[in-house]
Amino acid sequence: MVVLNRIYTRTGDKGTTALAAGGRRPKHDLRIEAFGTVDETNACIGLVRLHTAGHEIDAMLGRIQNDLFDLGADLATVETDKPLPYEPLRMTQAQVDRLEQEIDRLNAELSVLRSFVLPGGTPAAAALHLARTVCRRAERLVVELMEKPEEKVSPESVKYLNRLSDFLFVASRYANDKGALDVLWVPGQNR
């Protein structure tokens, strides 16, 4: 259980931040950048939801926001050889599977793409594209972190971010009147 009765602690005033299982890292540390960008993705989805109230994808986005807090907790809890006094929260394959099912459900109602889609269309679709690009950045950072021998990252974390960016793309098309309002790229149009 998290209890936040005081928001500022002054413990980060010297440029470090605490990890969930203890220890501190510089605020520019790759792990901190990774879970910070996951948080940024979550904030972008919060903005998307201003445009999806009453839309069927809104409940999906709400679940995703909760998953992203799980993912942040996973990344903030560094695996060590020392036992923790609690079971650390880790991403699961079930969370990845749910995203795949939601992608398939939404995509089944979309027409086949014959060109790349430009970010735009409805306000919800444009905001979903922004969230998608921030999610891709989070994924790149988590993959970079995973490639460091001294860092451990759950494979489900990378899978989840990869599927999430796919979900956000499909959801953007769905929010564009199921693709009817997609803005398509026309190669060389302005030459």
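**Salt bridges and their surroundings**

R105 and E56 form a salt bridge, with the closest N and O atoms 3.0 Å apart (the rule asks for a side-chain nitrogen of Lys or Arg within 4 Å of a carboxyl oxygen of Asp or Glu). R105 sits in helix α3, while E56 is in the loop between α1 (30-48) and α2, so this pair ties together parts that are 49 residues apart in sequence. Helices (H or I, at least four residues) and strands (E, at least two) are DSSP runs, numbered from the N terminus.

Before going on, note that this is a predicted model, where local features need pLDDT of at least 70, side-chain atom pairs count only at pLDDT 80 or more, and totals for chains, interfaces and linings use all residues. Residues are numbered from 1 along each chain as its sequence is written, and side-chain values use heavy atoms, leaving out hydrogens and water.

Now, how open is this pair to the outside? R105 is partly exposed, because its relative accessibility is 38% (buried is under 20%, exposed over 50%, partly exposed in between, with a 1.4 Å probe and protein chains only). E56, at 39%, also counts as partly exposed.

Next, move to R49, which forms a salt bridge with D58. The closest N and O atoms of R49 and D58 are 3.0 Å apart. Here the two partners fall into separate classes: D58 counts as buried because its relative accessibility is 14%, whereas R49, at 27%, is partly exposed.

E139 is buried, since its relative accessibility is 11%. R136 is partly exposed, with a relative accessible area of 27%. Elsewhere, salt bridges that share partners join R25, D29, R31 and E151 into one network. Altogether, the count comes to 15 salt bridges.

With the pairs in place, look at the loops. P85 is in the loop between α2 (57-76) and α3 (93-107). P85 counts as exposed because its relative accessibility is 81%. Now look from P85 to A126: they are 41 residues apart along the chain, and their C-alpha atoms are separated by 43 Å.

The loop between α5 (155-175) and β4 (183-184) holds D177, and K178 lies in the loop between α5 and β4 as well. K178, another residue that is not a glycine, has a positive phi of about 55 degrees. These values stand out because most residues other than glycine have a negative phi. K178 counts as partly exposed, since its relative accessibility is 37%.

One last stop is a stretch from a record. An unreviewed UniProt entry places the feature "coiled-coil region" at residues 89-116; such annotations may be inferred rather than shown by experiment. In the model, residues 89-116 are 54% helix and 0% strand, and the end C-alpha atoms of this span lie 37 Å apart.
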